[in-house]
Amino acid sequence: MNENLFASFITPTLVGFPIVLFIIMFPNLLFPSPTRLVNNRLVSFQQWLIQLVLKQMMIMHNPKGRTWSLMLVSLIMFIGSTNLLGLLPHSFTPTTQLSMNLGMAVPLWAGAVITGFRHKTKASLAHFLPQGTPILLIPMLIIIETISLFIQPMALAVRLTANITAGHLLMHLIGGATLMLTSISPPTAILTFIILVLLTMLEFAVALIQAYVFTLLVSLYLHDNT
């Protein structure tokens, strides 16, 4: 197996131009706007699923936090559909790129934090210094809480990147091993193929779970600041 293990994570190009922008825009075609009086089963299922997820995430928010509902729903739909499309053969998964995940995490985190400092200034500043802290520990705790605040978007991006990349690498390795074992030991190849099928089913679940976790953490950051 001479193929580079990380070849599937290289940004695809067409005539020297990166086409990742078109790949990012492609999931929008999977969620068409309903134009009929009576929707078909697919659109009705999509709307029911969106309403269910939106209800679960917005139940803890006040009216000010619920103004982010459209953004959060768009976020989970985009990440989930991108992760699922990346499981197709010879496809590219944008969420395996740390730069893209940081591009999603940093603005959303910054917006939530700025909202908190704007509308709940005292409560936001109080997070840096818990009540009853000894005087000698005040400088150290302020530094620790500041670092933990600024590391939140990095943790969001790294979590999504690591989980999606690890799954794709594992599928690539097991798939390559299955192909090599077909001519060496067919019974072992059948066993590894069954493992590959089970792992693929698991990756479908991971793709949706990671989209939900990313959006839920952004929602929790928003809840803490509204």
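## Helix H4

Helix H4 covers residues 98-119. Its 22 residues reach 31 Å from the first C-alpha to the last, close to the 32 Å expected at 1.5 Å a residue; the expected span is 1.5 Å times one less than the number of residues. Helices here are DSSP runs of H or I with at least four residues, strands are runs of E with at least two, and both are numbered from the N terminus.

The model is predicted: local features need pLDDT of at least 70 and side-chain atom pairs count only at pLDDT 80 or more, while totals for chains, interfaces and linings use all residues. Residues are numbered from 1 along each chain as its sequence is written, and side-chain values use heavy atoms, with hydrogens and water left out.

The buried residues of H4 include Met100, Met104, Leu108, Trp109 and Val113, together with the polar Asn101 and Thr115. Buried means under 20% relative accessible area, exposed over 50%, and partly exposed in between (1.4 Å probe, protein chains only).

## Nonpolar cores

A nonpolar core is a set of buried Ala, Val, Leu, Ile, Met, Phe, Trp, Tyr and Cys residues joined through side-chain atoms within 4.5 Å. The largest such core has 27 residues, and those with the most contacts inside it are Leu75, Ile79, Met104, Leu156, Phe214 and Val218. Two or more residues come from each of helix H2 (41-58), helix H3 (69-85), H4, helix H7 (152-181) and helix H8 (186-224). H4 gives the most, with 7 residues.

Leaving aside neighbours within four places in sequence, Val218 is in contact (heavy atoms within 4.5 Å) with Leu72, Leu75, Leu108 and Leu156. A second, separate core of 5 residues includes Leu87, Ile174, Leu196 and Leu199.

The 17 residues of H3 should span 24 Å at 1.5 Å a residue, and the end C-alpha atoms are 24 Å apart, which agrees. Among the buried residues of H3 are Leu72, Leu75, Phe78, Ile79, Thr82 and Asn83.

Thr82 lies in H3 and counts as buried because its relative accessible area is 3%. Beyond its neighbours within four places in sequence, Thr82 is in contact with Pro27, Thr93, Pro94 and Thr95. Thr93 sits in the loop between H3 and H4 and is also buried, with a relative accessible area of 3%. A polar atom of the Thr93 side chain lies 3.4 Å from the backbone oxygen of Gly86.

## Annotated spans

An unreviewed UniProt entry places the feature "transmembrane region" at residues 6-31, 67-86, 98-117, 129-151, 157-181 and 193-222; such annotations may be inferred rather than shown by experiment. Residues 157-181 are 100% helix and 0% strand, with end C-alpha atoms 36 Å apart. Residues 129-151 are 57% helix and 0% strand, and their end C-alpha atoms lie 17 Å apart.

The chain has 8 helices and 2 strands, in the order β-β-α-α-α-α-α-α-α-α along the sequence. Of its 226 residues, 33% count as buried. Among contacts between residues at least 6 apart in sequence, 72% join residues at least 24 apart.

Ile10 is found in the segment before strand S1 (13-14) and is exposed, with a relative accessible area of 53%. Ile10 and Thr96 are 86 residues apart in sequence and 9.7 Å apart in space, C-alpha to C-alpha.

Methods: Polar contact = N/O pair within 3.5 Å; in protein donor to acceptor, adjacent residues only side chain to side chain.
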